[in-house]
Amino acid sequence: MEEQLIETMSSDLPRSVAKGVTWMSSCLPFHLADRVIHGHNSTYLVQGEHSSILVDTGNPSSWPIISRTLDALLDGRQLTYVFPTHPELPHTGNLPRLVEKYPDIKVVGDIRDYHLFYPQIVPNLHAKVPGDRIELGGQEFTVVEALIRDLPNTQWGFVPEAGVLFTADGFCYMHRPELDDEDPVHLPGECGLTTSELREPVAVENAAFFTGSALYWARFANDADAVYDRVLHLIDDLGVKSVAPTHGNFISNIRDVEPIIRAGHKRAYRYETAQP
């Protein structure tokens, strides 16, 4: 019965999750002795009347499916912008391929080091700072200061008309804490479920594991309440309805999930300080 419920609730990705926003996941399969698990490495396509923007590029190994999905969603139109949230492989690894596929695409964000990683795309780089707005046509993309970051030039994005906040590695979490792996994992059939559709809520240990691994500074920062209070103020100020992390399911019930992520941050700090 549970398997039937998951199949009924699950939606094959890509999946429309808000006005003009499509969740494109390039899940990576991991083959274990007794089962197959997946790890989210999501990208998101935001489409307006005349322009579009891709949030993060996905992992290079997933390029074939990402490319095919873009073809289907854009239906002959060009991809106008790509917004890599920060310069790590799961977030920027397909930039050269995107520029090759869409020669006029604009790579926007805090791109201060990108010319070192990808010198071939220098003409496509366009620096953006928090507060900058990109008009898509009946839809707007706003660059937002990243309040939870793992690199100095991490940025977030927000689409006011859809109420979706794109948080890169912020609000990411493990899905199966018994598996000793740094990637957030889930089982096949759960790829396209939002957090309010999962059979069980996100567990604190799931959030703690990812926070301590990807956001290494969290192990030494005991001000989690100050950090997440700022995040809640941002959510209120912007009118955020849902959160789109790169790793983990789309968060459709942010008020329920935020306290869990906050508690995970605190647990990651307590674990580190308890070590001899």
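Modeller: Start with burial: a residue counts as buried when its relative accessible area is under 20%. This is a predicted model, and in it both Phe 141 and Phe 166 are buried.

Colleague: What makes Phe 117 buried, exposed or partly exposed?

Modeller: Phe 117 has a relative accessibility of 47%. Buried needs under 20% and exposed needs over 50%, so Phe 117 is partly exposed. Tyr 118 has 13%, which is under 20%, so Tyr 118 is buried.

Colleague: Why is the pair of Phe 117 and Tyr 118 given its label?

Modeller: A ring pair needs centres within 6.5 Å, and the centres of Phe 117 and Tyr 118 are 6.4 Å apart. Their planes stand at 65 degrees; edge-to-face needs over 60, so this pair is edge-to-face.

Colleague: What makes the pair of Phe 141 and Phe 166 stacked, edge-to-face or tilted?

Modeller: The centres are 6.1 Å apart and the planes are at 35 degrees. Stacked needs under 30 and edge-to-face needs over 60, so the pair of Phe 141 and Phe 166 is tilted. Phe 141 lies in strand E11 (residues 140–145) and Phe 166 in strand E13 (residues 164–166), so the pair, 25 residues apart, links distant parts of the chain.

Colleague: How many aromatic pairs does the structure hold, and which residues do ring pairs link into a cluster?

Modeller: There are seven aromatic pairs. The cluster is made of Trp 23, Tyr 44, Phe 83, Phe 141, Phe 166 and Phe 250.

Colleague: Which residues have the most contacts inside the largest nonpolar core?

Modeller: That core has 22 residues, and those with the most contacts inside it are Ile 148, Trp 156, Leu 165, Phe 171, Val 231 and Val 243. Strand E12 (155–159), helix H7 (224–238) and helix H8 (254–274) each give two or more residues to this core. H7 gives the most, seven residues.

Colleague: What share of the chain is buried?

Modeller: Of the 276 residues in the chain, 55% are buried.

Definitions and conventions
Residues are numbered from 1 along each chain as its sequence is written. This is a predicted model: local features need pLDDT of at least 70, side-chain atom pairs count only at pLDDT 80 or more; totals for chains, interfaces and linings use all residues. Side-chain values use heavy atoms; hydrogens and water are left out. A nonpolar core is a set of buried Ala, Val, Leu, Ile, Met, Phe, Trp, Tyr and Cys residues joined through side-chain atoms within 4.5 Å. Buried means under 20% relative accessible area, exposed over 50%, partly exposed in between (1.4 Å probe, protein chains only). Helices (H or I, at least four residues) and strands (E, at least two) are DSSP runs, numbered from the N terminus. Rings of Phe, Tyr and Trp (its six-membered ring) pair if their centres lie within 6.5 Å; planes under 30 degrees apart count as stacked, over 60 as edge-to-face and the rest as tilted.
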